[in-house]
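Subject: Structure for you to look at

Hello,

Here is the structure I said I would pass on. Please open it, then read the notes below it.

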Amino acid sequence: MTQINVTVDGVKYVDNVEPRMLLVHYLREVVGKTGTPIGCDTSNCGACTVLMDGVSVKSCSVLAVQADGSDITTIEGLANGEWHPLQRAFNEEHALQCGYCTPGMIIAAADLLRDNPHPSEQEIRDGLEGNLCRCTGYQNIVRAVQRASEAGVTP
Amino acid sequence: MTAQAEAQQAPELGKARTRKEDARLVTGQTNWTDNIVLPGMLHMAFLRSPYAHARITSVDVSAAKQLPGVIAAFSGADFADEQGSLPCAWPVTEDIVIPAHPPMAVDEVRYVGEAVAVVIARTRYEAADAVEAIEIDYEPLPPVLDMRTALNEDSPKVHEAGNQSFDFVMPNGDLDAAFRDAPVVIERTYRQQRLIPSAMEPRAVVATAVGGEYTVWSATQVPHILRVMLALQTGIPEQAIRVIAPDVGGGFGSKLQVTAEEVLALLITRRLGRPVKWTESRSEGNMTVHHGRDQWQRIRIAADRDGRIRGLDVDLLADMGAYLMLVTPGVPILGAFMYPAIYKMDAYKFRCVGVFTTKMPTDAYRGAGRPEATFAIERIMDELADELGMDPLELRERNWIKHEEFPFTTVAGLTYDSGNYEAATARAKELFRYDELRKEQAERASRGDPVRLGLGISTFTEMCGLAPSRVVGSLAYGAGGWEHASIRMLPTGKVEVITGSSAHGQGHETAWSQIVADQLGVPFEDIRVLHGDTQISPRGLDTYGSRSLTVGGMALVAACDKVIEKAKVIAAGLIEASADDLEWSPGRFSVRGDPDKGVTIGEIALAVFFAHNTPEGVEPSIDAEATYDPDNFSFPHGTHLCATEVDTETGMVKIRSYVAVDDVGKVVNPLIVEGQVHGGVAQGIAQALFEEAVYDDAGNLLTTTLADYLVPSAADLPSFTTDRSESPAANRLGVKGVGEAGTIASTPAVVNAIVDALRPFGIDDVEMPCTPERVWRALQSAQNGGQGSAAERHEARQSNQTQGNSPQGAAPATGEAQQSGGVA
């Protein structure tokens, strides 16, 4: 077991974890952040995307021990008193149906807008290529990211 | 009647309400089955067969049991006496072969991924470790992988009874007469590749047994059906089982199932007396979630030279996989009714042979039988148009049912209640700029542009809203088609709506609130919709087949009627008037001629809570429930047009524009309807261009991950132009289903567009998925004379017409008789 110090959604945690434990399992099963779901086991779907020191990572592709000393933001920590503009935009544009990909999609979109605050439709599509959605056909996700972009997102 | 008319015109219906369920879904406050943690909960992990077909000679779990944290380990033999056989609820013929299907294999395995042993451990990591320590020996048997040769005498057998499950025939009209002397007969064979539904949430189940009472949480579309089936399967009394479908992350038919893992979780929690959980990995799921499609379709059409269709002859081979699951054999049979589509014709014959192979069973996947049917008819309509030298839209128009002819009974025996194919098509053509694009296509072809433009058409309809119990019963479907709803009027004037539908992304909490708001005149915000828990919603038939609105939504209306009826008696007492003198306008009763004298539905709800002054002899409640069984299926339709740019040098296909004009009748929530169309179209495009479940020669699934099985990303898809035309359905809300329409429509639109671009090269088919390699190979093959010149093709067709005998009694042709499609 290895001791790690991690800040998750503004709260500090000190835990002993198996070296092989994935960050997503640490978040879900040790910290209790079940808002971050798991959609695959080959890092293709992006459902488990979180921000690690402000940059999006697929938390199934990071070991918990690699997150030692880092600051993690999950979908549960994105709202700051009120919904994040992306959360609002996803609701307003009907950018989710079953909602399983939504946490990862919103986090990935937040990172995209940090890099490129005013992306074109194609830039949004390319930027979210690592996150799969089976329900929406992506059109409303693109609209939601455009809407949040127009509202001016600061991550 | 006035009240009803007003209710239907009330503002909630048609309003683009944002969804209530989003509040938890966008903030991560979700309740997926995998989130559930119970005190003392254990984790299950399965050992699965690495062979497509093998005899199990020994299983030893003793070493696994010695590992840290392992509570128990079992083989199939340990549950042989109690695990039963997984249910098939749709025996489509009287002599259908339904082989035993033990949840955990005991003697023989018949597909890669079939469960053979299970470990139960304290953590999921410990369970996964211990699975590796199970010792198991197999004696390999020959796999059966191609349904086209599986029926040969010398084929190895999947089951002792042989490889044929059923032979279903449905003749309508005099087919011989229709084909005899027909001036034009075209025959094609199309391949419906095997697909993996790929809901984003993997399957998961949690089961617990406390004092003889069992609770099963499952990522299922069908908690009510699952409860009944678990009781029948395990012998546990139905009243002792509660099934909960919490938040469920998509289904597309894949969670319309009673799975081995659900049954075993229940049996194991009973045996161990502790809660157990199982969540699949994606790799495990791709192998063991039921697959979809997988058919060979031979279709023959007979027509007059002016384009009038005389008859249609359809002969299918459908791959069942290794076993029949919940509705496996019914899937192609649902398609049987849809081959004639929107067209008038004299005769139609459908035949389907269900075949066993050593692969994962197939079952319902978005559209279930209807996408396959729509693909074949819409593809061959384009072939017929080409043969006749006619514009494919003109050919369709010549044959379709005209809007003034509804209700119309088709050659397949369905009565379409409503539709307006002219209106949908006219709107789609306008949005698509059809005539302009045809000009551009001709211009680019004439200058030899290496990137060719192709226009694809799909004027689809479908039958959904499964549906009248008597009709589905006559098709041997093992359940009814009704739906249930109840309304609880709370003393504070708020409303709880309990529905038997079980949403997993469809937005029922929002749309059902809108319907009830209009019916009862209660604010949208004051309504809460409950679903997916058999203890809260004891009666229901769940969500699949685009049935929730047309059946479940109508059950809400029926329950609201009863609330109003009961409330009227109470209202009469409260305002001391005769019930006959009361008028209902949504939300309030008032005395006819004295509108100021009245009482609201909320006041009535409070009055029955106190029950101080309610009329004597009248039950002090205005709660009501209703079960609704429709008279007919629902028949949404539409016209989808797709423009593709096909690079003849690389084989790359790009969708340039896609227009979908859908007629789903009256719309409850346009935001949700548009979302369903987007997602449906995307899934149909995915079949056309990207997705295929591939097994190797030994029966190993090669597409176990999302890197190999190509669910499209945002970068792979275009934006769609959507619009609606509207011919109200013959139900009180005027609504039709929408869940599957996009998927049914889009696949043939895309492939028709690709073929349309490549026709000048002598190509008249590209097998799906139309990958760059397949398109490129089709072009190479055509240039090397494989598909022949257009002139040669024409000649081949002429000679083919003379061979146009009915295939009665013979096994379906499997491609070798076909002069086209040389890219298989």
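This is a predicted model: local features need pLDDT of at least 70, side-chain atom pairs count only at pLDDT 80 or more; totals for chains, interfaces and linings use all residues.

Start with the interface. On chain B, 41 residues are in contact with 44 residues of chain A. Three elements of chain B give two or more residues each to that side: α2 (22-25), α9 (282-288) and α19 (670-689). The largest share comes from α19(B), with seven residues. By type, the side of chain B that touches chain A has 18 nonpolar residues, 19 polar and four charged.

Next, a helix in chain B. α14 runs over residues 434-446, which is 13 residues. From first C-alpha to last, α14(B) reaches 18 Å, close to the 18 Å expected at 1.5 Å a residue. After α14(B) comes G448(B), with a positive phi near 70°.

In soluble globular proteins, nonpolar side chains tend to be buried together. Here the largest nonpolar core holds 315 residues. Helix α17 (residues 548-574) of chain B gives the largest share of this core, 14 residues. Chain A takes part too: domain 1 (2-76) and domain 2 (85-151) of chain A each supply at least three residues.

Which residues touch the most other members of this core? They are A73(B), V118(B), V119(B), V516(B) and I754(B). Take A73(B) as one to inspect. Leaving aside neighbours within four places in sequence, A73(B) is in contact with V61(B), A64(B), K65(B), A117(B), V118(B), V119(B), A130(B) and I134(B).

Best wishes

Conventions. Residues are numbered from 1 along each chain as its sequence is written. Chains are lettered from A and ligands numbered from 1 in the order in which they are written. Two residues are in contact if their C-beta atoms, placed from the backbone, lie within 7 Å. Helices (H or I, at least four residues) and strands (E, at least two) are DSSP runs, numbered from the N terminus. Ala, Val, Leu, Ile, Met, Phe, Trp, Tyr, Cys and Pro count as nonpolar, Asp, Glu, Lys and Arg as charged, and the others, Gly among them, as polar. The expected span of a helix is 1.5 Å times one less than its number of residues. A nonpolar core is a set of buried Ala, Val, Leu, Ile, Met, Phe, Trp, Tyr and Cys residues joined through C-beta atoms within 7 Å. A residue is buried if 20 or more other C-beta atoms lie within 10 Å of its own, exposed if 12 or fewer, and partly exposed in between; C-beta atoms are placed from the backbone. Domain bounds come from an automatic or database domain assignment.
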